[in-house]
Amino acid sequence: MVTERASDVAYVRLQEMVLDLRLEPGAFVNELSLATQLGLGRMPVREALARLAKDRFITIVPRRGIIVTPLALDDVLDMFEAREAIECGVAFIAASRATEQDLQNLRSLIATVDEARSSSDFEQFLRDDHAVHTFLVHMIRNPLLQDAADRLLLHSLRFWRLYWKHRPAKPEAMLSHADLLAALESHDPIRAEKAMRNHLQASRQLVQLLF
């Protein structure tokens with residue numbers, strides 16, 4: 001039986017705290033306090049923080065300390081630009097590679113998102129929407145793209161949690177995946193790429209209007 005390394009445990013738990021905003025953007029964090037809170041040694045926590053810094057979830061500021069990476073508008077727009085560059089290509093590839101089992105699983109995930117939208121449960125919607133985008137990336141079975149997209153989608157999840165924490169969640173802001181699903185079902189790469197681009201651009205416009 002393989003025992004999980006303490007630094008891996010610290011990384012996962014600290015990442016979860018960043019993603020669910022227990023460690024809020026811009027907040028200073030203390031290595032010793034985090035180690036005490038997690039019940040782990042300082043070295044595993046230090047290693048985890050170094051990995052989180054590499055992934056841009058935390059920022060090490062010389063002579064000042066460690067902060068949870070802030071989310072300014074420019075950072076968010078960079079995130080959308082990166083998502084559009086990656087996910088539109090993913091949608092293009094997925095349209096030609098999707099198996100019937102892939103599409104069946106995707107339909108189920110999208111139906112779950114639609115249920116969350118109808119209930120206006122924004123946290124459930126965010127988790128389910130994240131699952132859709134993550135599954136789509138994994139449909140193309142390209143580990144290099146998966147690694148890049150998975151990290152990017154986690155940054156997106158953190159942003160939307162912060163965005164809706166301070167705003168009333170509205171159903172019209174919970175965007176549909178219907179056009180994307182239809183394009184994938186028709187195995188039309190150009191249509192799928194366009195549907196994903198429209199989806200992401202609509203999200204970005206919403207942010208620019210209200211951020």
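**Rings, charges and burial**

Analyst: Happy to! Keep in mind that this is a predicted model. It holds eight aromatic pairs, and W160 and W164 form one place to begin: both lie in helix α7, four residues apart, about one turn of the helix.

User: Why is the pair of W160 and Y163 called edge-to-face?

Analyst: Planes over 60 degrees apart count as edge-to-face. The planes of W160 and Y163 stand at 75 degrees, with ring centres 5.0 Å apart, so the pair is edge-to-face. These two residues are three apart in helix α7 (residues 143-165).

User: And why is the pair of W160 and W164 called tilted?

Analyst: Its planes are at 45 degrees and its centres 5.6 Å apart, so that pair is tilted; the angle falls between the cut-offs of 30 and 60 degrees. W160 and W164 are both buried, and Y163 is buried too.

User: Which residues do ring pairs link into a cluster?

Analyst: The cluster consists of F80, F122, F125, F159, W160, Y163 and W164.

User: How do you know that the charged end of R51 sits over the ring of Y11?

Analyst: The charged end of R51 is 3.8 Å from the centre of the Y11 ring, and the distance limit is 6 Å. The charge therefore meets that limit, and it is classed as sitting over the ring.

User: What makes H155 count as buried?

Analyst: Buried means under 20% relative accessible area. H155, in helix α7, has 15% relative accessibility, so it counts as buried. Beyond its neighbours within four places in sequence, H155 is in contact with D55, R56, F57 and M79.

Methods: Residues are numbered from 1 along each chain as its sequence is written. This is a predicted model: local features need pLDDT of at least 70, side-chain atom pairs count only at pLDDT 80 or more; totals for chains, interfaces and linings use all residues. Side-chain values use heavy atoms; hydrogens and water are left out. Rings of Phe, Tyr and Trp (its six-membered ring) pair if their centres lie within 6.5 Å; planes under 30 degrees apart count as stacked, over 60 as edge-to-face and the rest as tilted. Buried means under 20% relative accessible area, exposed over 50%, partly exposed in between (1.4 Å probe, protein chains only). A charge sits over a ring if NZ of Lys or CZ of Arg is within 6 Å of the ring centre and within 35 degrees of the ring normal. Contact means heavy atoms within 4.5 Å.
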